[in-house]
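Open your viewer and get ready to select residues.

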Amino acid sequence: MDPQTSTTKRKQPSSSHTSDRPSKQLRRPSQPQDEEDMSTSKPHTNGLNGHASPMDMADEDDDDAASIVATAAAETAEWRTTLSRVVSRVVSIHFCQTHAFDTDPALSSEATGFVVHIPSSSTSHNSPADTAYILTNRHVVGPGPFTGYAIFDNHEECDVFPVYRDPVHDFGLLRFDPRKIKHMALSPLQLRPDLAKVGVEIRVVGNDAGEKLSILSGVISRLDRNAPEYGEGYSDFNTNYIQAAAAASGGSSGSPVVNIDGFAVALQAGGRSDGAATDYFLPLDRPLRALECVVAGREVSRGTIQTQWVLKAFDECRRLGLDAGWESKVRAEFPKETGMLVAEVVLPGGPGREGGLEEGDVLVLVNGELLTQFVRLDDVLDSSVGGKVRLLVQRGGEDVEVECEVGDLHGITPDRFVSVAGAAFHDLSYQQARLYAVTLKDAGVYCCEASGSFRFEGSSSGWLVQSVDNNPTPDLKTFVEVMKGIPDRARVVVTYKHLRDMHTLNTSILLVDRHWHKTMRLAVRNDITGLWDFSDLSGPLPPEVPVSRKANFVQMAGAKFPKAVDVIRSFVRISASMPLKIDGFPKTRKIGFGLVIDAGQGLVVVSRAIVPYDMCDISVTIADSIIVDGKVVFMHPLQNYAIIKYDPALVDAPVVSARLATEGIKQGEETIFFGFNANLRPVVAKTAVTDITTVAIPASASTPRYRAVNLDAVTVDTSLSGQCGSGVLVTEDGVVQALWLTYLGERSGHSGKDVEYHLGFATPALLPVLEAVRRGEVPDLRILNLETQTVQMSQCRIMGVGEGWIERVEREDPERHQLFMVRKVDAGNTGGLMEGDVVLTLDGKLITRVRDLDVMYGVDELRVLVVRGRKEVELVVPTVRTSELETGRIVVFCGAVLHRPHHAVRQQISKVHSDIYVSARMGGSPAYMYGLAPTNFILAVNAVPTTDLESFLRETNKIPDNTYFRLKVMTFDNVPWVATMKKNEHYFPTMEFIKDGGEREGWRRVMYEGGEMKKGEGEPAPGAADEGGAGEGDQGLEV
């Protein structure tokens, strides 16, 4: 099915909170979407809370169906009386699906439900019957962990807990405590599936399009529509749907469909997305049975032969081989029927296939009974779990009798998952197997959250892991045992398939992370509490002691400049994996190349677009053969490079320290470009320097993150320069004149892509830092916290620079007739420099080039002469320690990643509102649910000012679990607001990461529970956080 042409949708709401506050305060474009979802021609109607979902679109199989259209008229008195009774029984459900599971991603959203059972007043409060139930959709309750609350018509609120979600059909039951509703009388809506008839006028009463209450009218036009397909993800099947002329939209999921007598005759589930006023409702036969079982405390038995049936009209059945005799009997027995059930998908290895069923079989008899309806078929199967059914089908005009064992549908619906190495896994579900016609037997373990070590390229879900470290993983139990035996930091071969392409077996080598994610954890659904219970399965095995390996570099025999291309022996491949998104960086894994600048000490220089911060795992690959670990030694605050270190004792290879030029490369000079293209292959070309100019890497407005500033960039005349993100400019005798680096730029507001620039960086500027690092020092540079731009002499005259200064510039720097103007001062700058100042000298030295600013690195203050308002002004300006600009402490609270505003924030904002900055948030978390967005600042907790992380932790640790609290928040655009949020320690415990050189990873982790520091370490939830904006998904790359 092509999602671009699909015309049905699931009823889901637009983004939460957009009507509550100015939109700019969220400071982010639309929610993240995959690149293919960016097309404006694709209807965006199925994102829960505005998020794109694989179940967005569905195909339409009855476009030409007749419909009865309701006239738009004022409600009659009778309808008004009915609706006044109904609306008090309808609730708005606000919920989070806290973890990705089976068909659904982690998300936050709103939907509708209605009360269907209230305990009688004579029931003891200690009895399980003292529980009320709400009916809603299965895609609201979800197959995985759920938290939520219901808001009643009088705006009272209570928590709701899932007690049943059907494995197949689109309904689920939530329980709540009716004693929590104190100011209105509760009464249920009676379910009457028998009253759904063609021509009946109905009303859909629900939370339509995110509104608190909407009432939409319609008329039932069909009772025999097949369940709509919603593409990838969850879809209902093996039931008929009711079609009506109505036009509900996002948020109406779970709305009751009522008749004029006030009975619920159907459940709102889906509709068309092409503007047609057509909705699809789930019949209430099976929800009514499930409700009766739950209220009575009985198990809701569900049987299956792992076969999908569809209703097909008699003419289609005749083409499939239905003979005239059977058709006559069916028509005589059921004169109103127009079709029969036909096998659409028979799962390989399932009871249906094993019993002899085939696709295209027309179902005639079940246990000797003539049968044409889904409801009756469900009755038979649900009452036969563990037994057998006898079927008679017509196949090509012949009667075929088959006998099938009836399996337990709950048994092939996952109710547990395991999180390990930053990813989450469970057994393949019947839902997914049915959609792709895949066997459930030994299919492989399903990766429902492909993140951490198991971030595969192309998709975050849908992967079936076939083996790990050459051990087959046919199911979850086997997978757990295999993973228990793999040490931390081991590199293992993993084979896997995607459900969309079961023909292709993919193979990758993964670095197993059991240090950021130490514990393998099991989560099991508990339908009594409505929560998922977590338990630890195993801790990590210690990493194996690395040994020295031998290798040789490839040779480029055909190259014209052998000494120049020999620089290949100075290149190593760098892979960085970030366990947590901080500092606004958009990826969790990056790959590129670094230049070895000291082979004896294992020092490598690499772009900060590859290694953005030191909270990461770094793998260094030498000669495409030896893989060793690396660690960050130094990160330059302005010039886009980091220096990392590996252990040279582990490397037996002819690695050569690059020879770095001490004189700057010049415009027009011939040089040799040596780089690595997108396929990670070395390429070389003779070229010339076209320009050396001061450039400004554009800031990313929606997601402030590190970028190079005050930069002289080299450009060259070869097309390879745009194709290569790593490389060098090198002379014919092998002296490196410039590094060729990737620079992370802005995020495109149109496509949501992160722009990268490829530019040269002259090596002389690197030498002072390199010498310090070689001596074992970690340079703590001091900088002027400002951003400059060049101004030409014509502009300088207008701004008041005297003729004497202009003549001096032309005399002392004949190649660059320019000065620098202060474009932006960082927030908190107290040095006296102002935007618009033209800088003449620093400590008496004329400043015409970016390298002249290097004088600031080693001094506490500078004497600065500027032109301000056409007058010369002399200032004494203090410099800032760059060690204070890197993130050294992180708090993860209610799914929000918090730390001090990093340097990029200070560069872009005029005032830092507090030292608590929201850098990212996790899907399905309270932070997402209540609108705490990346780029927000937190000022106070429950009216107590919190200026830093220490005070924030102190106040939030006072808050009991599952209670509301208030946050005073300031947006990036200076819009204040107050967020109310409910604490959830069960799924989103408070954790703290503190930079600690004594730890191998360089960070120490602390977990809080019940307001107290917990012994041991917590586990970050699997999956990447959203750092804001509409960025691209992470690219999975092999280690």
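Start where the buried residues of H12 pack against strands S34 (589-598), S35 (603-607), S37 (626-635), S38 (641-646) and S40 (659-660). Packing here is contact, meaning heavy atoms within 4.5 Å. Helices (H or I, at least four residues) and strands (E, at least two) are DSSP runs, numbered from the N terminus.

This is a predicted model: local features need pLDDT of at least 70, side-chain atom pairs count only at pLDDT 80 or more, and totals for chains, interfaces and linings use all residues. Residues are numbered from 1 along each chain as its sequence is written, and side-chain values use heavy atoms, with hydrogens and water left out.

**Helix H12**

Select residues 767-774. Which residues of H12 are buried? They are Val769, Leu770, Ala772 and Val773. Buried means under 20% relative accessible area (1.4 Å probe, protein chains only). Look down the axis of H12: its buried residues fall within an arc of 165°, so they line one face. The arc is that of the directions from the helix axis to the C-beta atoms.

**Helices H3 and H7**

Select Asp285, Arg286 and Arg289 in H3; they meet Val375, Asp378, Asp379 and Asp382 in H7. By class, this contact has 1 nonpolar, no polar and 6 charged residues. Ala, Val, Leu, Ile, Met, Phe, Trp, Tyr, Cys and Pro count as nonpolar, Asp, Glu, Lys and Arg as charged, and the others, Gly among them, as polar.

Key: Buried < 20%, exposed > 50% of the residue type's maximum accessible area, 1.4 Å probe, protein only.
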